Amino acid sequence: MIEFDNVDEAVHIANDTEYGLAAAVWSGDLTTAYEVARRLRAGTVWINGYNEGGGDMSFPFGGYKQSGNGRDKSLHALEKYTELKSTIVRLR
């Protein structure tokens, strides 16, 4: 555990790493928890729990910084496995 004095310091401590796969926030105040989750540089952030829903194929998986290269699972991963092609047809 690392002590902190305020939310800004907690977010700074959490983000001060080269990794960002997952994080968790525990708080009795959901407004604060959502704000902290939004500011964390992690691919998955749980609020008041940990490692829930991660096995669901509709739930994107991947991290930030040195913890990820894009997203796996879910619709967000389709782009990784497809190639875009544009075809233009001139109709007379």
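So, helix 1 (7-15), strand 2 (22-25) and helix 2 (30-39) each put at least two residues into the lining of the largest pocket. Helices here are DSSP runs of H or I with at least four residues, strands are E runs of at least two, and numbering goes from the N terminus. Quick caveat: this is a predicted model, so local features need pLDDT of at least 70 and side-chain atom pairs pLDDT 80 or more, while totals for chains, interfaces and linings use all residues. Residues count from 1 along each chain as its sequence is written, and side-chain values use heavy atoms, leaving out hydrogens and water.

What's a pocket? On a 1 Å grid over the protein atoms alone, it's an open set of points where a 1.4 Å probe fits, with protein on both sides within 12 Å along at least five of seven lines; lining residues have an atom within 4 Å of a point. Helix 1 gives the most to this lining, 5 residues. The lining has 16 residues, with F4, A10, A24, V25 and W26 nearest the centre.

Now, salt bridges: a side-chain nitrogen of Lys or Arg within 4 Å of a carboxyl oxygen of Asp or Glu. How many are there by this rule? The count is 2. In one, D8 pairs with R39, closest N and O atoms 2.9 Å apart. That links distant parts of the chain, D8 in helix 1 and R39 in helix 2, 31 residues apart. E35 and R38 also form a salt bridge, at 3.0 Å from N to O. Those two sit 3 residues apart in helix 2, so about one helical turn separates them.
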